[in-house]
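This report describes the contact between two protein chains. Please view the sequence and structure below before reading on.

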Amino acid sequence: LQRITVVDASVGEGLLREGVFLLVRVVEAGAAAILFCGAAVGFARFAWVALVRRDPAEFAAVRLDLGRFLVLGLEFQLAADLLRTAVAPSFDEIGKLAAVVAIRTALNFFLGREIREERSEVGHGEGPMR
Amino acid sequence: MNALTEAVLLVSAMGVLGGALVAFVARRVHTGLVTMLDLWTTASLLRLPDDASWSAIGTVAGLVALRKVVASVLVRRRRNG
């Protein structure tokens with residue numbers, strides 16, 4: 001009976017690991033899609049502004065929108081890291097998670113400040129990043 | 001080469017091309033440099049799930065720091081005219 005209980009526990013843990021691994025893959029794919037779409041849209045808009053509109057003042061707004069995609073993609077990557085560390089985290093994984101959190105926080109802070117500065121200089125009417 | 005590596009290379013190339021285009025039209029090297037660094041930061045973030053090593057995390061942190069420094073110089077220059 002004790003052996004059956006141990007086998008059941010290991011099967012349950014294996015299923016949990018597989019479920020979490022699948023979720024991590026889904027969330028990471030979401031992050032990659034957001035980041036790639038953000039880069040592609042940003043590049044297309046940079047090219048449009050540079051080649052068609054020829055107005056250098058609009059570059060700042062495009063750059064800040066690209067920054068929003070960056071922060072959103074990083075949020076998804078952070079969620080994937082949190083999920084990964086939910087099952088038997090190692091000290092190395094926790095350290096990497098802390099580093100990604102620090103990068104995300106710094107990027108978010110800098111982008112928020114840049115948006116406020118751009119708004120005051122260019123009069124771009126969008127709210128700051130939270 | 002997997003799809004993610006190809007995407008990283010493509011975004012890096014977009015960074016070089018976009019940066020050059022912006023610098024040429026704006027006639028300011030710094031504006032182009034910030035644009036290039038933004039797209040390179042995106043590329044390095046794309047690479048993270050595939051290669052979550054300390055060196056990859058260090059690359060992202062370095063690019064974010066460099067981007068911040070160049071953006072600060074850009075803002076200061078614009079304020080000074």
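The side chains of A:Arg63 and B:Asp38 form a salt bridge with an N to O distance of 3.4 Å; the term requires a side-chain nitrogen of Lys or Arg within 4 Å of a carboxyl oxygen of Asp or Glu. Across the interface of chain B and chain A the rule finds 1 salt bridge.

The model is predicted, so local features need pLDDT of at least 70 and side-chain atom pairs pLDDT 80 or more, while totals for chains, interfaces and linings use all residues. Residues are numbered from 1 along each chain as its sequence is written, chains are lettered from A in the order written, and side-chain values use heavy atoms, without hydrogens and water.

Totals for the interface are tabulated here.

| Item | Value |
|---|---|
| Residues from chain B in contact (heavy atoms within 4.5 Å) | 35 residues |
| Residues from chain A in contact | 33 residues |
| Buried area (accessible area, 1.4 Å probe, lost on being put together, summed over both parts) | about 3,100 Å² |

Carbon and sulfur atoms account for 74% of the area buried between chain B and chain A. B:Val25, B:Leu45 and B:Trp54 supply 17% of what chain B buries against chain A, more than any other three residues.

B:Thr41 lies in helix α2 of chain B, helices being DSSP runs (H or I, at least four residues) numbered from the N terminus. Not counting residues up to four places away in sequence, B:Thr41 touches A:Leu70, B:Leu63, B:Val64 and B:Arg67.

Definitions and conventions
Buried area = accessible area lost by both parts, 1.4 Å probe. Helix = DSSP H or I, 4+ residues; strand = E, 2+ residues; numbered from the N terminus.
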